[in-house]
Amino acid sequence: MKTFRALALLLFTYLSSMAQTTPDYSAFSYETFVHNGDTLRYRMLKPLNYESQKAYPLVMFLHGSGERGTDNAAQLLHGGSLFLKDSLRQQFPTFVIFPQCPPDSMWASMKVKRDASGKAIERSFSDGTDPEATPGLLVKLLTDSLVKAGKVDSRRLYLGGLSLGGIGTYDILARYPGMWAAAFPICGIGNVDNAVKFRKVPMWIFHGAEDNVVPTFGSKNYYEALKKLKADVKYTEYPGVGHNSWDNAFAEPNLLPWIFSHKK
């Protein structure tokens, strides 16, 4: 009996600690967008003290490959809690959308060659002119469901993403450069020749110096290309940090002020 009580107490303590450390994402509503038979699941956070007659900024954030699926939940794992902080919601009232990429799809047109262990050893990327489905759904969601409804200010649309989402950020910027007021790709890579297409979009690029999943040159090459084009671009590299450089990026105190300082 004593053993049972001790185990029960341990279980209760464990569950309580989990409840305290797991963010409450219930403020993000569950949403679904369907277009021409294609379905995009997403979570949406409304501006604090939302007023239906106002048009607000919008941040769209693209998750990494590990959060693909159909549960409409996993995509909030990295970054979701950043936008829930009361102080930031008070200072920057905005719509925030975290779409979820289907398990058999990607945020970008990309071909990957892997070694025997499954590690990516070579990637090839689109020039942004080929047909695509998932990125087009994202844009349709914004333009048809939110901008046209007057909920979102089309001059203040912001795009970011990590890992696969960072790759998707570069791809979507190349396809729809005129949409975005600013972008913040984290540990991404892509077709650097596309930089000229979105040279007018202010960017803050992040990467970990010890990233062994997506090579650091994926970000550096974009930064150097954009600097040559005299673009408004910043690059932050974190010494000793691996692939999870998003943790450092989300901790940047100037990230959200930088994002919302831009308007088309």
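Q: Why is Ser-163 called buried?
A: In this predicted model, Ser-163 has a relative accessible area of 10%. The term buried applies under 20%, so Ser-163 qualifies.

Q: What makes Asn-49 exposed or buried?
A: The relative accessibility of Asn-49 is 58%. Exposed means over 50%, and Asn-49 therefore counts as exposed. Asn-49 lies in the loop between β2 (38-45) and β3 (56-62). Its phi is near 55 degrees, a positive value in a residue other than glycine.

Q: Why is Ser-105 called buried, and which residues is it in contact with?
A: Ser-105 has a relative accessible area of 18%. Since the limit for buried is under 20%, Ser-105 is placed in that class. Leaving aside neighbours within four places in sequence, Ser-105 is in contact with Arg-68 and Thr-134. Ser-105 belongs to the loop between β4 (95-100) and β5.

Q: How do you know whether Ala-251 is buried or exposed?
A: The relative accessible area of Ala-251 is 56%. The threshold for exposed is over 50%, so Ala-251 is exposed. Ala-251 is found in the loop between α6 (246-250) and α7. Ala-251 and Leu-82 are 169 residues apart in sequence, yet their C-alpha atoms are 8.6 Å apart in space.

Q: What share of the chain counts as buried, and what surface does the chain expose?
A: Of the 264 residues, 48% count as buried. The chain exposes about 13000 Å², of which carbon and sulfur atoms supply 53%. The chain has seven helices and ten strands. Among contacts with a separation of 6 or more, 72% join residues 24 or more positions apart.

Q: What makes a space a cavity, and how many of 30 Å³ or more does the structure hold?
A: A space is a cavity when a 1.4 Å probe fits in it but cannot get out. The structure holds two cavities of 30 Å³ or more.

Q: What is the volume of the largest cavity, and which residues lie nearest its centre?
A: The largest cavity has a volume of about 80 Å³. Of its 14 lining residues, Phe-83, Leu-88, Arg-89, Phe-92 and Thr-94 lie nearest the centre. The lining divides into eleven nonpolar, one polar and two charged residues. At least two lining residues come from each of α2 (86-91) and α7 (255-260).

Q: How much space lies in the second largest cavity, and which element gives the most to its lining?
A: About 60 Å³ of space lies in the second largest cavity. Helix α4 gives the most to its lining, with three residues. The lining residues, among them Ser-109, Phe-125, Asp-171 and Tyr-222, divide into six nonpolar, five polar and one charged.

Q: How much space lies in the largest pocket, and which residues are closest to its centre?
A: The largest pocket holds about 310 Å³ of space. Of the 21 residues that line it, Ser-65, Arg-114, Arg-123, Ser-163 and Val-213 are the closest to its centre. Two or more lining residues come from each of β5 (110-114), β6 (120-125) and α4 (164-175). The largest share, three residues, comes from β5. By class, the lining has ten nonpolar, six polar and five charged residues.

Methods: Residues numbered from 1 in each chain as written. Predicted model: local features only at pLDDT ≥ 70, side-chain atom pairs only at ≥ 80, totals over all residues. Heavy atoms only, no water. 1 Å grid on protein atoms, 1.4 Å probe; cavity = no way out; pocket = protein on both sides within 12 Å on 5 of 7 lines; lining within 4 Å. Points joined across faces, edges and corners; volume = space filled by probe spheres on them. Helix = DSSP H or I, 4+ residues; strand = E, 2+ residues; numbered from the N terminus. Nonpolar A, V, L, I, M, F, W, Y, C, P; charged D, E, K, R; others polar. Buried < 20%, exposed > 50% of the residue type's maximum accessible area, 1.4 Å probe, protein only. Contact = heavy atoms within 4.5 Å. Areas by Shrake-Rupley, 256 points an atom, 1.4 Å probe, with all protein chains shown as cover.
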